[in-house]
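Visitor: I would like to learn how to read a model of this kind, feature by feature. Please start with contacts.

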Amino acid sequence: MGTPVTFRKGLVDEIRAHAHGRTEEICGLLLGESDRVTGALPCRNVAADPFHAFEIDPAQLIAALRAERGGGPQVVGCYHSHPCGPPEPSPRDAEAAAPNGWLWLIVARDQARLFRAVDQGAILGRFHLLPSPRP
């Protein structure tokens, strides 16, 4: 299943709380190091149909990457919710994901599952399943 990734205590609960009761997909960036997530940056979902897809606001992504280059926290991945589905990557997620090693945390109801975007992944050709983070 891959190398365990640690999350700052309570961070997964914060993300799940952000998604709770929402009918549109929420999204954001994961911050930290490759195998340690220390923060999350909620972002606007600018997808044309935010009830079935997510797209992180490009201005927020660019700002986070600029902050990283200036010595700020490293962007190590993203998160989003599936309000009406399981916490698993969709074919749309696989199509959108670059094989860059980013972490993808998907939350649905009371569950959270973690994946890494890779080339030729076992899931939809794009993702490897990682041990799920503890809330």
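Visitor: Which residues does Thr38 touch, not counting residues up to four places away in sequence?

Guide: Contact means heavy atoms within 4.5 Å. By that rule Thr38 touches Arg8, Leu11, Leu31 and Gly32, with residues up to four places away in sequence not counted. This is a predicted model, in which local features need pLDDT of at least 70 and side-chain atom pairs count only at pLDDT 80 or more, while totals for chains, interfaces and linings use all residues. Residues are numbered from 1 along each chain as its sequence is written, and side-chain values use heavy atoms, with hydrogens and water left out.

Visitor: Where is Thr38 found?

Guide: Helices (H or I, at least four residues) and strands (E, at least two) are DSSP runs, numbered from the N terminus. Thr38 is in strand E3.

Visitor: Is Thr38 buried, exposed or partly exposed?

Guide: Buried means under 20% relative accessible area, exposed over 50%, and partly exposed in between (1.4 Å probe, protein chains only). Thr38 counts as partly exposed because its relative accessibility is 35%. Leu41 is also in strand E3, and is partly exposed with a relative accessible area of 32%.

Visitor: What does Leu41 touch, not counting residues up to four places away in sequence?

Guide: With those residues left out, Leu41 touches Gly28, Leu29, Leu31, Ala64 and Tyr79.

Visitor: What is the radius of gyration of the protein?

Guide: The radius of gyration is taken over C-alpha atoms, and the globule rule is 2.2 Å times the number of residues to the power 0.38. For 135 residues a compact globule would come near 14 Å, and the protein has 14 Å, so the value agrees. Along the principal axes, the C-alpha atoms fill a box of roughly 40 × 30 × 30 Å. Of the 135 residues, 41% count as buried.

Visitor: How many aromatic pairs are there?

Guide: Rings of Phe, Tyr and Trp (its six-membered ring) pair if their centres lie within 6.5 Å; planes under 30 degrees apart count as stacked, over 60 as edge-to-face and the rest as tilted. The count by this rule is 3 aromatic pairs. One of them joins Phe54 and Trp104, edge-to-face, at 5.7 Å centre to centre and 75 degrees between the planes. This pair links distant parts of the chain, 50 residues apart: Phe54 is in the loop between strand E3 (36–43) and helix H2 (58–69), and Trp104 is in strand E5 (residues 103–108).

Visitor: Why is the pair of Trp104 and Phe127 edge-to-face?

Guide: Their planes are at 70 degrees, with ring centres 5.2 Å apart, so the pair is edge-to-face. It too links distant parts of the chain, with Trp104 in strand E5 and Phe127 in strand E7 (residues 125–130), 23 residues apart. Trp104 is buried at a relative accessible area of 5%, and Phe127 is buried at 0%. Ring pairs link Phe54, Trp104, Phe115 and Phe127 into a cluster.

Visitor: What volume does the largest pocket have?

Guide: On a 1 Å grid over the protein atoms alone, a pocket is an open set of points where a 1.4 Å probe fits, with protein on both sides within 12 Å along at least five of seven lines; lining residues have an atom within 4 Å of a point. Grid points are joined across faces, edges and corners, and a volume is the space filled by probe spheres set on the points. The largest pocket has a volume of about 300 Å³. Of its 18 lining residues, the closest to the centre are Glu25, His52, Ala53, Ser90 and Arg92.

Visitor: What is the phi of Arg109?

Guide: Most residues other than glycine have a negative phi. Phi of Arg109 is near 55 degrees, a positive value in a residue other than glycine. Arg109 lies in the loop between E5 and strand E6 (111–121), and counts as exposed at 56% relative accessibility.
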